[in-house]
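Here is a short tour for someone meeting this structure for the first time. Keep the sequence and the 3D view side by side as you read.

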Amino acid sequence: MKIPTERSFPSPLHHPRVATVIGRWLGFAVAACFLTGLFSHLQQTTPGWLVIPSRPSSLYRVTQGVHVLTGTAAVPLLLAKLWTVYPKLFAKLPWPPSRRSLGTALERLSILVLVSALALELFIGLLNTLQWYPWPFPFRQTHYALAWIIVGALLVHVAVKLPLITAHWRRTPEPLPEATTGMTRRTLFRTVAGAAALVGITSAGQSAPALGPVAVLAPRKPGIGPQGLPVNRTAEAAGVTGIGADWRFTVDGPRPLSYTIGELGRLPQSRSDLPIACVEGWSQRARWEGIRIRDLLRLCGAPEGSRVRVVSMEKGGFYGTSELPPEFAEDPLTLLALRLNGSELALDHGYPARIIAPNRPGVLQTKWVHRLEVLS
């Protein structure tokens with residue numbers, strides 16, 4: 001049997017111009033996905049030198065929606081890119097070995113790293129939107145590490161291919177050969193762009209309510225859940241089965257505070273119209289009512305600029321506590337929420353009290369809160 005070579009695939013659809021166009025689309029998607037994912041990671045693991053503002057209040061909703069949207073759209077783009085260049089797998093390395101063959105081998109190695117890391121990144125990212133984790137490693141840390149591997153491998157790949165990319169970045173002056181049978185280049189571009197747009201439109205409805213009716217690929221639908229709001233982690237999953245009559249909310253500060261549920265309801269109440277925006281990509285705006293965190297800080301005599309640790313009754317998990325930096329603790333929209341959309345919080349939404357703050361990931365909007373700790 002004859003072993004195929006690169007010349008065994010003469011279709012014009014494998015032309016460098018085609019690979020450059022699709023690679024450009026994929027590169028833009030990867031860049032947008034990386035930058036928005038980096039923002040999400042820094043929200044959850046904020047270094048001491050970085051200050052993340054609390055406004056615009058819906059910024060995280062937009063960035064995480066874009067993150068999941070571009071990651072989803074990258075799947076058909078990656079498949080199309082691999083299809084256009086797969087004949088290169090059959091290109092022979094120069095023999096005997098030379099400096100050129102060594103460069104070619106290193107280039108193929110960088111491509112192997114890039115494709116493997118990107119495919120794994122998209123795969124585990126899509127499973128994360130379904131909240132399914134069939135692996136033993138921590139998702140967030142692995143997802144973050146893979147992102148940097150992808151960026152490094154992509155930079156190496158672009159540096160090696162820069163002359164070819166530059167030559168085919170714009171439309172070539174001479175007409176390229178068209179396929180005599182089957183799909184043309186223009187049809188291929190339209191198909192790939194249409195596939196990326198289709199998976200985007202049919203999944204974006206989980207964060208864009210206007211597209212909710214066509215969100216057939218979205219694991220979350222707007223308006224579905226207790227009190228018309230989706231739930232990621234139920235009270236049962238968090239080990240919170242009920243609230244006893246002796247429940248009290250406390251603030252550990254210069255002047256310790258302690259309140260029953262009824263006493264919290266008699267404190268001055270405020271309202272915030274804010275979205276819950278989760279790392280899985282879904283988000284929905286709601287009306288929250290409760291006590292401003294900054295008012296509680298004033299009552300306990302906390303110094304200006306204090307950080308606040310929020311402690312949940314949740315048992316186990318990675319987010320039983322969270323921290324409010326001063327920018328969020330002092331924002332008038334940040335509440336110890338007691339009511340949602342005009343009704344007392346459902347247990348699955350954090351009854352009797354939860355945190356709601358602007359421009360924050362849903363995993364940091366801690367539910368079932370029973371204690372605040374003032375940190376100097």
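Start in the loop between helix H3 (99–129) and H4, where Gln-131 lies. Phi of Gln-131 is near 55 degrees. That is a positive value in a residue other than glycine. Keep in mind that this is a predicted model.

**Helix H2**

H2 covers residues 59–85, a run of 27 residues. At 1.5 Å a residue, H2 should span 39 Å.

**How H1 packs**

Two packed helices are described by the angle between their axes and the distance between the axes. Helix H1 spans residues 16–44. H1 packs with H2, and its axis also comes within 10 Å of that of helix H4 (residues 139–168). The table gives both pairs.

| Pair | Angle | Axis distance |
|---|---|---|
| H1 and H2 | about 150 degrees | 7 Å apart |
| H1 and H4 | roughly 150 degrees | within 10 Å |

Take H1 and H2 first. Their axes pack at about 150 degrees, which makes H1 roughly antiparallel to H2. The cut-off for that label is over 145 degrees. The crossing of H1 and H2 is left-handed. What kinds of residues make up the contact of H1 with H2? They divide into 17 nonpolar, 12 polar and 1 charged.

Now H1 and H4. Their axes cross at roughly 150 degrees, and H1 and H4 are therefore roughly antiparallel to each other. H1 passes H4 in a left-handed crossing.

**Cis peptide bonds**

A cis peptide bond joins Arg-55 and Pro-56, with omega about 0 degrees. Pro-56 sits in the loop between H1 and H2. Tyr-351 and Pro-352 are also joined by a cis peptide bond, and here omega is about 10 degrees. Pro-352 is found in the loop between strand S8 (343–344) and strand S9 (354–356).

**Salt bridges**

Side chains of opposite charge can pair when their charged atoms come close. With nitrogen and oxygen within 4 Å as the cut-off, the count comes to 10 salt bridges. One of them joins the side chains of Glu-263 and Arg-248, at 3.6 Å from N to O. Glu-263 lies in helix H6 (residues 261–265). Arg-248 lies in the loop between helix H5 (185–201) and strand S1 (249–252). The pair therefore ties together parts that are 15 residues apart in sequence.

Technical notes: Residues are numbered from 1 along each chain as its sequence is written. This is a predicted model: local features need pLDDT of at least 70, side-chain atom pairs count only at pLDDT 80 or more; totals for chains, interfaces and linings use all residues. Side-chain values use heavy atoms; hydrogens and water are left out. Helices (H or I, at least four residues) and strands (E, at least two) are DSSP runs, numbered from the N terminus. The expected span of a helix is 1.5 Å times one less than its number of residues. Axes are lines fitted to C-alpha atoms, for helices over the stretch in contact, and angles run from 0 to 180 degrees between N-to-C directions. Angles under 35 degrees count as roughly parallel, over 145 as roughly antiparallel, 65 to 115 as roughly perpendicular and the rest as oblique. A crossing is left-handed if the near helix is turned anticlockwise from the far one by less than a right angle, and right-handed if clockwise. Ala, Val, Leu, Ile, Met, Phe, Trp, Tyr, Cys and Pro count as nonpolar, Asp, Glu, Lys and Arg as charged, and the others, Gly among them, as polar.
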